[in-house]
Amino acid sequence: MEDINVLVVEDEKEISELIKKNLENEGFNIYQAYDGQIGLDMALSVDIQIVILDIMLPNMDGLEVCRQIRLKKNVPIIMLSAKSQDIDKVVGLSIGADDYICKPFNMMELTARIRSQLRRYLYLNNTSIDKDNTIIVNDLLIDLDSHVVSIGDNEIKLTPTEYDILVLLAHNRGKVYSSEKIFEKIWDDKYYEANNNVMVHIRNIREKLNDNSKNPRYIKTIWGVGYKIEK
C-alpha cells in the first residue's frame with residue numbers, strides 16, 4: 001500500500017514515536033498530533049486515509065474527536081486505550097470507531113489491524129473495482145474475474161477446488177453448508193459415507209488463510225451441521 005497517510009493522535013510521545021517508527025518501516029506516511037483538538041484539525045485538513053486515536057487526550061478526548069471526524073469523513077478510525085472494559089469498547093465502536101485495541105499492544109497486531117481496515121476502506125472507495133465481481137470478507141478479498149484471493153497485500157494460493165469451496169461459502173454468507181451439500185455442488189457427484197474430501201479441503205483453506213478453527217475469522221464450523229462464513 002503506497003502513499004497512505006496515517007494520523008496518530010496520541011499524547012504519550014514515547015508510544016507515538018514507537019508507532020511512527022514501525023509504520024514508517026512498513027512504508028506508511030505518518031502525521032502526529034499530541035492533543036485532541038490538533039488531531040481533529042489535522043484529520044479534517046490533511047488527506048488522511050486512517051486515524052489511530054487514543055481515548056485519553058488533552059483539550060478534547062478521543063471519543064469527541066471520533067464523533068467530529070465521523071461528521072465529515074468516513075476514513076477508518078482505530079481507537080487506543082489503556083481501558084480494557086467492554087463498555088469502553090462498546091462506546092468507542094458505537095460512536096463511529098472501526099476497531100479498538102487496548103494498551104499495551106503488539107505492534108504486529110496493530111499493523112495487521114491497520115492493513116485490514118485500509119483494505120476495506122480502499123476497496124469500498126475504489127470506483128475502478130467491479131464490486132459485482134468481487135467478494136470481501138473482513139480483510140479477505142476474492143476477485144471472481146481473475147480468481148485471485150488476497151488478504152491485505154498478500155495473494156493466497158488456492159487450488160481450484162479450494163477456491164470453489166471458498167467462493168461457495170463466501171457467496172452465501174450466513175448459510176450453513178453440510179459436507180454433503182458442498183461435495184455435491186463442487187464435485188457435481190453424489191456424496192458417499194466416510195468421504196472426508198470436504199473436511200480436508202476446509203482444513204487446507206484454513207491453513208492457507210491462517211484461520212484458527214477455534215476462533216475463526218472466515219470459515220466457521222457449525223458442529224454436527226456444516227460450515228459457513230458469517231454475514
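**Ground rules.** I'm working with a predicted model, so I kept local features to pLDDT of at least 70 and side-chain atom pairs to pLDDT 80 or more, while totals for chains, interfaces and linings use all residues. Residues are numbered from 1 along each chain as its sequence is written, and side-chain values use heavy atoms, with hydrogens and water left out.

**Counting.** I looked for salt bridges (a side-chain nitrogen of Lys or Arg within 4 Å of a carboxyl oxygen of Asp or Glu). I got 14 of them.

**Entry: Arg67 and Glu64.** I found these side chains in a salt bridge, 3.2 Å from N to O. Both sit in helix 3 (residues 62-72), 3 residues apart, about one turn of the helix. I took helices (H or I, at least four residues) and strands (E, at least two) as DSSP runs, numbered from the N terminus. For accessibility, buried means under 20% relative accessible area, exposed over 50%, and partly exposed in between (1.4 Å probe, protein chains only). Arg67 is partly exposed at 36%, and Glu64 is partly exposed at 26%.

**Entry: Arg113 and Asp99.** This salt bridge is 3.0 Å, N to O. Arg113 is in helix 5 (residues 107-124) and Asp99 in strand 5 (residues 99-102), so the pair ties together parts 14 residues apart in sequence. Asp99 is buried at 15%, but Arg113 is partly exposed at 24%.

**Entry: Asp139 and Arg217.** Their side chains meet in a salt bridge at 3.1 Å, N to O. The pair links distant parts of the chain, 78 residues apart, with each partner in a loop. I noted Asp139 as buried at 10% and Arg217 as partly exposed at 40%.

**Last entry.** Salt bridges with shared partners join Glu10, Glu12, Asp54 and Lys103 into one network.
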